[in-house]
Each structure stands twice: as C-alpha cells, then as structure tokens.
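User: I would like to go through the aromatic contacts here. Please give the criteria along with the answers.

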Amino acid sequence: MTTTAETADPGRVLDPGPGPGRVLSRTALHASLSDPTLDTMNFLNEVTSRYPDAISFAPGRPYEGDFDVAQIPGLIDTYLDHLRGLGHSEDRIRTALYQYGETAGQIRDLVARMLEVDEDLIVDPAAVVVTVGCQEAIVLALRTLFRDPRDVLLVDSPCYVGITGAASLLGIPVVAVPGGDDGVSLEGLDRAVREIEAGGRRARALYVVPDCSNPSGVSMSRAKRTELLDAAAQADLLILEDNPYGVFSTVRHPTLKSLDTDRRVLYLGSFAKTAFPGARVGFVVADQGVESADGGPPTLLAAELAKVKSMVTVNTSSLSQAAVAGLLLRGGGGLRRANEASARHYRRTMALLRDTLAEELPPGAPESAGVGWNDPRGGFFLTLDVPFPADEAALRRSAQEYGVIWTPMRHFHLDAAGDRRIRLSCSYLTTAEAVEGARRLARFIRDTGSRAG
C-alpha cells in the first residue's frame, strides 16, 4: 500500500551545510512521531523503490490494467450532464466545480444511493460526510468520538495500520482484541472491556473490517455479525465498520450497518478500491443523534464530523467528487457491477497464488514445515506463516536476492504475535507476476527456513 511518491526519501539525513543549522529536538515534537507504526508506509516505499525489478506483494493497490486515462474527462462530463438534468444553471455548475463546495460533500445523495444499490443499506444523505479518502473519515470519527485519554479504542488484531497510526497521532489509547478465522473474538472483547473499566477508563469504540480484512483477509459470518452487535450493545460500544473490500468478497453478507437497529455503527467507506485511489474520495455514515446545545431537537453526528473536517481539509476536491459521481451514475447508482471484472481478476490471481504455493511448498513435505496460509473469501490479501522471523532484514534479503517483496505482519500487531507471518497482496499484479512471485517467494522460504533450522 504505497501512499507517497515512491522516489521520496523522507528519512534521509539532513546536511545543513556551512553556517548555523536549526535542528529540532525530537522530544519537542509530538510523541506519535516516534511510534514505529508511522514508519510502516515509508519503509514499504523505500523497499519497493529500491528494488524496482522485484515482484511486489506489498501494495494494497487495485489492479490498474483496466484503467484508462481518457475515461476521466468523460466521467466528469457524465456528472455535469446529471446536474443539468436536475435543472442546475451553468453558473451554479461552474461554482460547484471551481469553488470549495459544501464541507460535508457535494455527492452525498449519490453515495447514499450507492449504499442502497450495493449494500441494501438505506441512509439519509444528510448522515453522509464525503472525505479525502477513508483515512480522513477515520481521523474525523476518532477526533469527534474520543473526548479524553480515558476513552479507549479497541481494534480487531491484526488490524490496518491506518487506524492505529491515526489513534497515535491523536493521542488515543488503543487496546488490541485478538481475532480468529471468523473475525474478532467476542470473549476477548468482553475481557478487554472489563479490564479497561476496571482500570477506571471507558471502552469507547471498536474498529473492525468484517469483509476480507486488511491484513488477514478474514471475513465474519452473518451469525458473528449479529453476535458482535449484541455484544457491542451490552458493552455500550460504538462500532467503526470499515468496508473497502466487501464488493470483492465471494460471499455476500449484510454489512454491520445494515443490521444495526440501534444506530451503534459508524460506516466508513472508500472509493480507492472500487473506483481509483487517485481520486482520494471516501465517506463516513454517521446517523447517530447528538444532543442540541440549546435544548432543541438532536442534530446528526455527521454534522459534528463536518465541523472537524472544516478545520482539517475544508472540503473534498470537487473534481474528484465529480469523477466518482460519474462512475456511480454510469454504474446505475452502484459500483458492484462495474467491479465484476476486477473481482474476477482478484479471485483468479489469488487462486493462482495459493495453487503455486501449494506446488512449491506441498503440505507435509520437510521443506514446508512451519509454513501455512489461509484461504480468504475474496479481497486483496492472504496471510502466510513462515518458520523464521519475518522482519525487515528478511524482507530486504528477499527483495535483493530473490526479487520478491512482501509485508511483515508485525506491522499490523500491537504485540509480537505476527513475528513469523507475512501478508501477501495479489491485487496489483498480473496473473503471470503472481505465479512467478509465488515461485520466488517459495525459494526464499525454503532457503531461509533451512538456514534457520
């Protein structure tokens, strides 16, 4: 998941040259900047750019073989035609594209329609805030919900580094709840809540990715989703449901939000995988009520998130919103149909990856001791156990000597549980690259495992 310019090296040593040079004390900067989580993206950038000829299973990017630069102006034109069809004047359309625009977003009605078409989820457009990628949605939700250091964020472990990194930036304490083959452990959740409360703090919210999660690829069953909502109600927890990969799942389950009768779930979404990352458009559905300051009727939580957004990014790019809106309009309101070809590509690539690993590292063979992988129901990721420490030194050796890059799972854990596991993303590769990459990876595992043994 590469997020900055791949040629940049923000960790380079500064040579101030002759004369006085201002060097700030690290202790004078925010403590989160010493959190290893914040180095994860830059580390992967550095490895990927340093070994450009290596096959990389690291980026959580969508496949770009079907991207067409010439399509983007047409998407914007589709949205402009839509606005004209609604009776908007040319002056109003010009303002919509050129000016800042409404903080909460210009395409909230289309996002709400997409959720109805794709997820059978009915939401009020006023409960939607369009954000600069889902990462901003995460930051807005955390900043709004967490009042002071006594409020604790629970995360399903292993979990996406974007949530733990954002919590670190905001000074929000995080407690990991162990996950299994069916998602977050309800027993572990109950235990964590009790321990937090016993320490005089409050478990405020739980972050989960119920469909094809990043990094593990695990999905929750429908029964588990219902049980989780019941457990959250009993513990008085809010749930942050992040769903970037549900469209690509081979088994369609209802979202937690669509099962939510208590308005306990904030739904986080992204168009990075279903449209394209360059748009940098995401959203959050926050339909919870908030007491009015003047004693009037409650307002929507979405309006409170918009206040925070007005002091962060002000608004989401009108041009980016227009491009995403064009995709939605061309897709009949949703994006599942538009992503059918991509979903087939991801399923085929992941199947080839698993099959090649099974050929190269057959179960039961001496060279396969300590090696195993899971079988996700779609999405971008799978996880693989190895018989040696999967650390940065091993990754560099893999890239330099074997021409294959992967992601250490230790980046997604708050403890040492992922030290001998790696994450593989098959989304960005062609089928041929996935097969060759799996062969290179198998050679690296066999050779490294034999040395470790």
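Analyst: Rings of Phe, Tyr and Trp (its six-membered ring) count as a pair if their centres lie within 6.5 Å; planes under 30 degrees apart are stacked, over 60 edge-to-face, and the rest tilted. This is a predicted model, where local features need pLDDT of at least 70, side-chain atom pairs count only at pLDDT 80 or more, and totals for chains, interfaces and linings use all residues. Residues are numbered from 1 along each chain as its sequence is written, and side-chain values use heavy atoms, with hydrogens and water left out.

User: How many aromatic pairs does a search of the whole structure find?

Analyst: The search covers the whole structure. The number of aromatic pairs found is eleven.

User: Which parts does the pair of Tyr245 and Phe381 tie together?

Analyst: These two rings are edge-to-face, 5.5 Å centre to centre with 85° between the planes. Helices (H or I, at least four residues) and strands (E, at least two) are DSSP runs numbered from the N terminus. Phe381 lies in strand E13 and Tyr245 in the loop between strand E7 and helix H9, so the parts tied together are 136 residues apart in sequence.

User: Is Phe380 buried or exposed?

Analyst: Phe380 forms a tilted pair with Phe248, at 5.6 Å centre to centre and 40° between the planes. Buried means under 20% relative accessible area, exposed over 50%, and partly exposed in between (1.4 Å probe, protein chains only). The relative accessible area of Phe380 is 0%, so Phe380 is buried.
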